[in-house]
Structure formats: C-alpha cells, structure tokens
Amino acid sequence: YFQPLYSVKDNKLDGAEALIRLRDEEGNFVSPEDFIPIAEKNGTIFDIGKFVFTNVCDTLSKINLNDYNIHKIDINLSVVQCIQEDMYKQLIMIRNNYNIPSNYLNLEITETSTINSPEVLLKNMKHLEDDGIELSLDDYGSGHSNISYILSLPFKMIKIDKGIVWKAFETQRADIALKATIDMMKSLGMKIVAEGVETEEQSKRLIELGCDYLQGYYYSRPIDCQSFLNLMKK
Ligand code: C2E
Ligand code: CA
Ligand code: CA
C-alpha cells in the first residue's frame, strides 16, 4: 500500500510511504506492528525488506514518471536490515536492475537505543547516500530520541512521530516542545515530515511550525497501488 505525502511548498501530494500489508487466512489485515517485530526476530525481515523495495522499484519502472506527481517513495527499513553487512549492495543492485533514478527513493530508518553495530549501520548508510538514495530518521520522538544519533548519521529528513504530533494538540507544553524540536531540526538543515495528521487544525499548525511534508488520514489513508497511481496521475 502507499500513503501519499503532502508537500507544503508545492501545495500538493507529491510522493508516498510504502507500507506493507499482510492478510491472514480469512483475508483480514494483520497489523505490521504485530508481525514486523516477529519478522525481525526470526529473520523473515530480510525477505520482507527485499520484497517491499523490489515492489516499489517494480511499480515505478512500469509507469512513465513524467505522467505522475510522484517525486519520491519512502520505504521503511528495519534496523535489523541496516546492521547486516553489505545490505546496501542488495538494494543498489535492485535499484539498478529496475533502472530507477536514486532520487526517487528515500529510506526511513527508525531511531533505536539498541544498535550494537553502529559501524555497519553507518557504512550501509554512507554507501546508500553515495548512491544518491536519501535517508530519513523515522519515528522521531517516539521514545528513543537521541540527539547523538541525529548528529552522527547522515539524515536529511526527520519524521516526527504521530504520538508527538497528537500530544502537541493536547497540551501547551507539548506544543512548545514540538515547536522547539522543529526549529532545531531546521537549523540543522533537515527537512521535516510530520505524520499522523488527521485534522485541518493540525495541518494548519504544522505548516505554521515549518514542516515541509505532512502525512496522515487528513490527506489520505494508505491505499492500494492502483488507487495511488490513479490519484497521482497528472
Ligand atoms: P510507521 O513507519 O510510523 O508508519 C506510519 C503508520 O502510521 C502506518 O501504520 C500508517 O498507516 C499510520 N498512519 C498514517 N497516518 C495516520 C493517521 O493520520 N492516523 C493514524 N491513526 N495512523 C496513521 P501501519 O501501516 O500499520 O504501519 C505500522 C508500522 O509498521 C510502521 O510505522 C512501520 O514501523 C512498520 N512497517 C510498515 N510497513 C513496513 C515495511 O515495509 N517495512 C518495515 N520494516 N516496517 C514497516
Ligand atoms: Ca515509516
Ligand atoms: Ca511513526
């Protein structure tokens, strides 16, 4: 599935986040929040990661990109994938096989307190960055916020977690914290995406605070590939 992202600068939807969907035997969706942690433990995450990345490249390769308002697709990477030696080679190979320009791809990596191979993560990130693929820090503010993580890794984009976004509309203190966070990230030269935008009020405030991209049910829920392509056709 793809969930469109709204670009504030262009005042239109201009990309999406790819989100994996799995159905059980009865055809009901199983939440990725339930099966991704299991996949990370039993190693299936490597196949899932490859599947999603390949699927996005395949989708992009089958359309004439000039006919669509699609400038970037974000793909989630598990930290488990990122600490696998030479992970970058596989992704770059898939990208090359499908002939997708690297600037169409953005990888979202979740911040985490439990990285035991930071050198491997950094090496993978550097190689992907050299290839021209952009990297975002996902879920900022969800619990493992660590400023040294941001300073030591080459992130160009920060995704503010929906929990923090929602809190900012509940308490004044959280709003102050969100504003200061966005100001700091922008001063560091990073682009800001806010997720979980569900209302017009939230969207207005987040634009006022300087977010570059907004994502959430207010703009669109995650939708299947064909619906996404129909929506983005010029
Ligand atoms: P995430 O990366 O933070 O993705 C955003 C999640 O927030 C998605 O849930 C999306 O459907 C949901 N969301 C977006 N806008 C709104 C909103 O306005 N309101 C509410 N209530 N929710 C909103 P989803 O698709 O269930 O995915 C959950 C998590 O599973 C993702 O969180 C991500 O961490 C993981 N995940 C999903 N797809 C993949 C994948 O292909 N690979 C990996 N490694 N992880 C994935
Ligand atoms: Ca994400
Ligand atoms: Ca999130």
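A residue is taken as buried under 20% relative accessible area, as exposed over 50%, and as partly exposed in between (1.4 Å probe, protein chains only). The structure is a predicted model, in which local features need pLDDT of at least 70 and side-chain atom pairs count only at pLDDT 80 or more, while totals for chains, interfaces and linings use all residues. Residues are numbered from 1 along each chain as its sequence is written, chains are lettered from A and ligands numbered from 1 in the order in which they are written, and side-chain values use heavy atoms, with hydrogens and water left out.

Around ligand 1 there are 23 residues, of which Q3, R21, K162, E198 and Y217 come nearest; a residue is near a molecule if one of its heavy atoms lies within 4 Å of it. By class, this shell comprises 10 nonpolar, five polar and eight charged residues, where Ala, Val, Leu, Ile, Met, Phe, Trp, Tyr, Cys and Pro count as nonpolar, Asp, Glu, Lys and Arg as charged, and the others, Gly among them, as polar.

An N or O atom in the side chain of Q3 lies 3.1 Å from a nitrogen atom of ligand 1, and one in the side chain of D139 lies 3.2 Å from an oxygen atom of the ligand, whereas Y217 places a backbone N or O atom 2.8 Å from an oxygen atom of ligand 1. Of the 800 Å² that ligand 1 exposes when taken alone, the protein buries 88%, with accessible areas computed by the Shrake-Rupley method and a 1.4 Å probe. Two or more residues of the shell are given by each of α1 (32-42), α2 (45-61), β7 (134-140) and α7 (162-168), and α1 gives the most, with three residues; helices (H or I, at least four residues) and strands (E, at least two) are DSSP runs, numbered from the N terminus.

D161 counts as buried because its relative accessibility is 13%. The calcium ion (ligand 2) is 5.6 Å from the calcium ion (ligand 3).

Key:
Polar contact = N/O pair within 3.5 Å; in protein donor to acceptor, adjacent residues only side chain to side chain. Donors = N, O, S within 2.8 Å, 3.2 Å for Na, K, Ca; no water.
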